[in-house]
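Please read the following note alongside the sequence and the model. The points start from a single residue and then turn to the two chains and how they meet.

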Number of protein chains: 2
Amino acid sequence: MDQHRDYESELREAGVRLTKPRKIILKILGESQDHPDAMAIFRRAVKIDASISLATVYRTMKLLEGLGAVHRHSFEGGPARFEHADGEHHDHLIDLDTGRVIEFHSETLERLQEQIADELGYDIEHHRLELYGRKRRQR
Amino acid sequence: MDQHRDYESELREAGVRLTKPRKIILKILGESQDHPDAMAIFRRAVKIDASISLATVYRTMKLLEGLGAVHRHSFEGGPARFEHADGEHHDHLIDLDTGRVIEFHSETLERLQEQIADELGYDIEHHRLELYGRKRRQR
DNA sequence: AATGAAAATGCAAATCGTTTGCAACAAGTG
DNA sequence: CACTTGTTGCAAACGATTTGCATTTTCATT
Ligand SMILES: [Mn+2]
Ligand SMILES: [Mn+2]
Ligand SMILES: [Zn+2]
Ligand SMILES: [Zn+2]
C-alpha cells in the first residue's frame, strides 16, 4: 500500500543512509504521477523542508537510478525527468501540443524489439521508445 | 550519386547561402557513415579548413536539422549526434560494450507504433526507438 | 543517552554541451 | 566591382548537472 515503504527498505538494504532529504524525495517520487525534472522535485521538496538543496536532489536521483529505484528519461529538448520504478515497464507518447506524457505498454512491441535485437545477435539490456505526436483531429 | 550534391541544391532552394563552412560540413556529413557529434564534425572540418569554428558547426547543424537535411540523436549520456537524412528511416541499436551504433528497420514495428498511437487517439509526428544491448555471447 | 567514524549535506564554484551578441567578413545580386 | 545582407569567429553567456570542501548527520557502538 504505502508506496515509499519499499523504497526505504531498499535503501537500507543497499547500505545507504536514510537521511531526511532522501526520505522527502522518496515521498515526493512516490506521490508523483507525472514525470518531474530535478527542479520540479526540488521545488516540491523545499515546501517540506526549506533547507534541501538542488545538488542533493541531483545526487539522490543518481543514487536512486543506480539502485534501480527510479527511471530517468530524456525527452526531446528538456532536462532529465524521473519517475518511480515500481510499476511495470511502459513506454511514452508525448503530446507535442500540450507536453503531456502518456504511458502505454505493448507486449507485442516488446517482443518484436527483442526479436529484432536477437536477429542482430544482441541481447537487449534496456530500450527507450518515445512517440511524439498530436491528438488526432475530430472524431 | 554524389551525396552532397542534393544537399547543396536543397540549401539553395531554402534560400540560405552556400558558404565555405557549410560546404565543408555538408561534405563531411555526406561521407560519414557513423553518427558524429558536433565536436567530431568540427575536428574533421578543421582538417579541411582550419578557420572553421565550433559555433558554426552548431549553427549549421541546427540549420540543417530545420531543413530536414540531417537528423539529430541524443543517445544515452553523450552529446547530440548527427547523420545525414537521405536514407530511409531506421532506428538504432547501441552496443553497450563498444558504443557501436547499429541501424535497423522493421516495417512491422513501425506499423505497430502507429497502431498504438492510433488507439490512444494520436497521430505520430516522429518517434525515437533505441535499443541498448550487448552482443549475445557465444554461438 | 553519549561517542565517533563515515557518509551525506549545502554551498559555491566548476564542468559540459550548446547558444548567442557583436564586430568583421564573405556570398550573391546587379 | 560595389552593395546589401547573411554568415562567421570569437568570447562570453547559458542551462543542466556535477563536484570540492567544510560542516552537519546518520547510525553503529559504548
Ligand atoms: Mn512513465
Ligand atoms: Mn542512423
Ligand atoms: Zn518498452
Ligand atoms: Zn522507427
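**Notes on the predicted model**

1. A:Glu130 counts as buried, because its relative accessibility is 3%, where buried means under 20% relative accessible area, exposed over 50% and partly exposed in between, with a 1.4 Å probe and protein chains only. This residue lies in strand 5 of chain A, residues 122-135; helices (H or I, at least four residues) and strands (E, at least two) are DSSP runs numbered from the N terminus.

2. On conventions, this is a predicted model, in which local features need pLDDT of at least 70 and side-chain atom pairs count only at pLDDT 80 or more, while totals for chains, interfaces and linings use all residues. Residues are numbered from 1 along each chain as its sequence is written, chains are lettered from A and ligands numbered from 1 in the order in which they are written, and side-chain values use heavy atoms, with hydrogens and water left out.

3. Which side chains make polar contacts with that of A:Glu130? The side chain of A:Tyr132 does so at 2.5 Å and that of A:Arg128 at 3.3 Å, a polar contact being a pair of N or O atoms within 3.5 Å; within protein, one must be able to donate a hydrogen and the other to accept it, and residues adjacent in sequence count only if both atoms are side-chain atoms. Leaving aside residues up to four places away in sequence, A:Glu130 touches residues of both chains, including A:His92, A:Ile94, B:His127 and B:Arg128, with contact meaning heavy atoms within 4.5 Å.

4. Strand 3 (residues 91-95) and strand 4 (residues 101-104) of chain A run antiparallel and are joined by four bridges, with A:Leu93 partnered by A:Ile102. The two strands form a hairpin with five residues between them, and A:Gly99 in the turn has a positive phi of about 85°.

5. Chain A superposes on chain B by a rotation of 179° with 0.0 Å of shift along the axis, at an RMSD of 0.1 Å; the two copies are therefore related as by a two-fold rotation axis.

6. The contact takes 34 residues from chain A and 34 residues from chain B. About 3200 Å² is buried between the chains, of which carbon and sulfur atoms give 60%; buried area is the accessible area (1.4 Å probe) that two parts lose on being put together, summed over both. A:Tyr122, A:Arg128 and A:Arg136 supply 24% of the area that chain A buries against chain B, more than any other three residues.

7. Six salt bridges are counted between chain A and chain B, each a side-chain nitrogen of Lys or Arg within 4 Å of a carboxyl oxygen of Asp or Glu. In one of them B:Arg134 meets A:Glu125 at 3.4 Å, N to O. Strand 5 of chain A gives the largest share of the side that touches chain B, 14 residues.

Definitions and conventions:
Two strands pair if DSSP finds at least two bridges between them. Copies are superposed by least squares on the C-alpha atoms of residues with pLDDT of at least 70 in both.
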